[in-house]
Amino acid sequence: MFEMVDVFLAVGVSIGFTILLCLYRAVRGPGVFNQVAAVNVIGTKVIVLLVAIGYIFERPMFVDIALLYAGLNFVGTLVMAKYLERGEICSA
Amino acid sequence: MMKRSTVAIFIVMFVFWVLLSACINPLKGHYDLIRIVVGMICAAIATSVSRDLLITGKEDMTLRKTLRLLLYIPWELWQIVLANFDVAYRVLHPKMPIDPRIIEFDTTLRSDFALTTLANSITLTPGTITIDVEPERGRFLVHAIASKAADALLVDQTMQKKVAHVYMEERGGE
Amino acid sequence: MLGIGVTDIISIIFMAGGIFFMVTGAVGLLRFPDFYTRLHATGKCDTLGEVLVITGCMIFQGWSFVSVKLFFLMFFIFMANPVGTHAIMKAAYYTGLKPWKKGEERR
C-alpha cells in the first residue's frame, strides 16, 4: 500500500512549507534582530531537511553533512549576536 | 606528568572519533589502522586545546554529581514536553493570551556548570527565557511570557532547588 | 499486508508529533506581536520538534552506526539552540529594544 519512502517525502514537503513561512519574517521583520532570528530558525530547519533527504535517496552520508551544518549555523548566530551587541567581532 | 583528568578527556575524545568514523567494528572484527592513528593524533590536539576550558581545578565529588545529573535529566525532559503543549496552546488560540514581563531573582549557585544548567533549563521550559546572568551573586534576569510561568519560578522555586541539589551548593557559595 | 511493522508505526507517530511542533513554531514566529515573544515560540517549539523528528528516524533505523550519529546530532541541537536564542536575546536587550506590554500595538 504505502511504504516508508512516502512518509519521508511528506516530512520533507512539510519542512519546505515551514521554511517558506519563515521567509516572510526574514524579509519583512522590522529591524535587524527579527531577521537574524528568522535566519537562525531556517538554519535549524535545514538540518532536519538534510536528514530526511538522506533517507529518501538512501545515502547515509547526509547525516555527516547535517552534523557539520549544525555547527556552522550555531557559530554564525553567535558571531552575529556578538557583533550586534558590541559593534566589533574581536577586540584586538 | 599527566593528570588523571587529562587522560579521561583524551579517552572520551577518542571514543567519540571511533563512534563517528566506524574504524573499529566489533561485530565483524576488522579495524582500519590508518584511521585509528589519525584519530589518536586528532584527539591529542583537541585535548591539548580544550583542557583549560574543561578542568577548572575546583572539581570534587564529580562522580556523585554526574549520577545526580543523570537522575535530574528525565524529570526535566518530562517538564519540557508538558509545558511545550502550553506554548502550542498559546500560539494556536485565536485570542492569543499572553502578558509578557521581565523578572529578576537571586539564587545560591556559584559555579559555572551549575549556572549554565539552570540557564539552559529556564530557556527550555516554556514561559521563560534567560536574558542575563551575574556570577557574583547568582542573579538571573528572565523574560516571562505569562504570570503563571513567572510565578512558578519566583514563588515555588522548584527548579532552583533541584539544580542546587545536583551540584551540592544548597546553602550559598560564600 | 501493509509492509510496515510496529517499530515503523512508533517512528511515524514521533515524526508526526515533531512536524506538528515545528509548524506551530513557525506560525508563532508570524503571529506574535513582539521580538521577545517570537523568540519564545521558536526557541522552544522548534527544539522539541526537531528532537522528536530525529528520535523517530533513530527508532526507524535500529542499532547501527548511523543512529549513533543521529543521537549526537540530536544532543547537539538540544544544547545549542537555547544558547543561540539566549545570545541574540541578550544582544537585543542591551542594545535597547523595548519589550511589549499588553495593550500596545504590534511591531
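A residue counts as buried here if 20 or more other C-beta atoms lie within 10 Å of its own. With that in hand, here are some close-up views of this predicted model.

**View 1**

**View 2. Helix α3 of chain A from end to end.** This helix covers residues 62-86, 25 residues in total. From its first C-alpha to its last it reaches 36 Å, close to the 36 Å expected at 1.5 Å a residue. After the helix comes Gly87(A), with a positive phi near 90°.

**View 3. Where the chains meet.** Two pairs of chains touch, and the pair with the most contacts is A and C. Chains A and B, in contrast, do not touch: their nearest C-alpha atoms are 9 Å apart.

**View 4. The fold of chain B.** Chain B has six helices and three strands, and along the sequence they come in the order α-α-α-β-α-β-β-α-α. Of its 174 residues, 24% count as buried. Take contacts in chain B between residues at least 6 apart in sequence: 65% of them join residues at least 24 apart.

How values were computed:
Residues numbered from 1 in each chain as written. Chains lettered and ligands numbered in written order. Predicted model: local features only at pLDDT ≥ 70, side-chain atom pairs only at ≥ 80, totals over all residues. Helix = DSSP H or I, 4+ residues; strand = E, 2+ residues; numbered from the N terminus. Buried ≥ 20, exposed ≤ 12 C-beta atoms within 10 Å, placed from the backbone. Contact = placed C-beta atoms within 7 Å. Expected span 1.5 Å × (residues − 1).
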